[in-house]
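Have the structure open as you read.

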Amino acid sequence: SSRSVTVLGGGLSGLSAAFHLTRRFPAGSGIRIALVEGSHRLGGWVESEKVRVKDGAGHEADVVLESGPRTLRPVSKAVLELVHLLALKSSVLTVPRTAPAARNRFVHLPGQDGLAVIPGSFLALLRSPLAKILVPAVLKDARLFSGTVLNTSTPNDESVDAFLTRHFGADFAQTFGSALVHGIYAADSRVLSVRSAFSAMCQLEESGKGSVTRGAVSEMLTSRKRDIRGSADAGPYELGDIPELLKGTSVFSFQDGMQILTDTVVARLAALPHVDIVKGDGVMELSKATDEGGFEVATESGKRLPSSHIVSAIPLPHLHRLLSTPNYPQSGLAPLPHLTVNPSSSVTVVNLVFPPTADPIHPEGFGYLIPRPSTDYPSSSLGMLGTVFDSCALPSQDKPISPSPSPFRFTKLTVMLGGPYGPPTPAPSSPSFLPALLETLRRHLGRADPLPEPCLVRVREHKDCIPTPTVGHAVRMAELATAVREHWGANVAVIGAGVGGVSVGDCVEGGRRAAYSLEL
Ligand code: FAD
């Protein structure tokens, strides 16, 4: 019988699955691979755009604007492998751990003006204005005894806020925990699962016999380095010399932005005779094929793709919709549990470029995060979650054009708003949004003078772009996997940011694992 794998969804997860399937089954293997994407572009939330900016004084530069992920930490073997296999080494941009952008990360405390740097050393901690939160926090955690360890062999879970409160106290959890969660998940730390979102912290708690601090100190003393993450189940990784290239790197990206990853995968897939890419034609229905136990994938335009195997890499609520159509009862497929349990965050992403100025717009660093206000959501800061100082984080990504050679640098920032605050007010479409945003930034940056007029403002409103794995997520996903295996068979994999983790590394890893786990 003919064997064909259909991958649903052309975001990073689906692209990674399709790419690794083509490595496992090259052209001529007799297996066809189809990738079906509902929108007209592939890449999902990964999107980079190059734009030329000018100021009134004759300065010009080409800048890269990211609307999704912008930097990667070198912690995922699956991503390093992808960089190697796609031959992207020459476009990698690295930020060394010693760079100011890597060392200086800030918080803006609600109700105060200016930024506080998060101390990077013990001495800095003692001198920091944040010491009155941090010192008691560490002391509290270091005194905890092993009785409070979450047992990793049982499916215990709690919210990030509850975990941090238990270890470091409520002030710390509110200030640093909520800010960190704003920065990664655009979500409320009081609902996010600690086991799914910060499993490393749970491991430190265990190795420190109940104290995260003790776990971290003993890890440092024994110089037990946490390895780059990756699972050998799906075969050894081919990393080439990428780990060497990324030695001592805090974060990295690419000269033309993150989209080079997805674009290059797409170009590789499109060149293969046994791969079909369907775009702008979403999956409408899934059903069991009448013969041979395979499946049929039907698209909006009426295409019917016979599929012996399926990888679903669309968001779980979208999969749920496919399983709730009027025709679904006749599909022959059992319903799947837990597809709609987790909420997801909507984020407004604002890219701003300021003209070269004599005074720096912001201090050198990676950017800043804003904790949850003590009065609970919403806040007075326009619902701002944080700001990335892009041109400081990756200085060589933007190219001055004129005058050349140019000592002038444009300043590129990205502001993230929304998440648990809801949509910003005033709305981004309102003429009062930009002045309100610039005034909020001025206050956060602790500047007396207004910010200069930006030469570029680009606003993207991303609906439901980051799923929130809520408490109990890992257990639910294990149950989902069991249900898929029992009711749909070993020929189906369900992956994606909402299943195995939202980071670029999790998505690439999930696709890779699915490609090797299907029984073909
Ligand atoms: P998606 O990108 O959502 O892809 C799913 C695809 O399925 C979409 O293309 C969609 O159109 C398609 N689809 C849906 N329904 C159907 C259907 N019925 N038929 C066919 N196709 C369908 N991660 C990091 O590691 N570092 C970062 O700095 C970072 N920053 C981020 C910033 C933002 C603003 C966002 C939104 C995310 C960020 N992330 C970051 C997270 C990471 O980018 C995402 O989790 C990841 O890109 C999700 O990939 P995915 O393929 O699982 O999902």
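## Ground rules

This is a predicted model, where local features need pLDDT of at least 70, side-chain atom pairs count only at pLDDT 80 or more, and totals for chains, interfaces and linings use all residues. Residues are numbered from 1 along each chain as its sequence is written, and side-chain values use heavy atoms, with hydrogens and water left out.

## The ligand and its shell

The ligand is surrounded by 30 residues (a heavy atom within 4 Å counts as near), and S13, E37, V283, V502 and V504 are the closest. By class, 16 of the shell residues are nonpolar, 12 polar and two charged (Ala, Val, Leu, Ile, Met, Phe, Trp, Tyr, Cys and Pro are nonpolar; Asp, Glu, Lys and Arg are charged; the others, Gly among them, are polar).

For polar contacts (pairs of N or O atoms within 3.5 Å), E37 puts a polar side-chain atom 2.6 Å from a ligand oxygen, and S13 does so at 2.7 Å. On its own the ligand has 1,000 Å² of accessible area, and the protein covers 86% of that (Shrake-Rupley, 1.4 Å probe).

Where does the ligand lie relative to domain 1 and domain 2? It lies between them, because domain 1 (3-44 + 258-340 + 470-517) and domain 2 (52-70 + 94-250 + 343-468) both give residues to the shell; the bounds come from an automatic or database assignment.

## The second largest pocket

This pocket holds about 400 Å³ of space. A pocket here is an open set of points on a 1 Å grid over the protein atoms alone, with protein on both sides within 12 Å along at least five of seven lines, and lining residues have an atom within 4 Å of a point. Volumes are the space filled by probe spheres set on the points, which are joined across faces, edges and corners.

Its lining has 23 residues, with H362, S391, C392, R409 and T411 nearest the centre. They split into 15 nonpolar, five polar and three charged.

## Two cavities

The whole structure has two cavities of 30 Å³ or more (a 1.4 Å probe fits but cannot get out). The largest holds about 80 Å³ and is lined by 13 residues, with R70, D390, L394, Q397 and K412 nearest its centre.

The second largest cavity has a volume of about 60 Å³, and its lining includes S391 and R409.

Definitions and conventions
A polar contact is a pair of N or O atoms within 3.5 Å; within protein, one must be able to donate a hydrogen and the other to accept it, and residues adjacent in sequence count only if both atoms are side-chain atoms.
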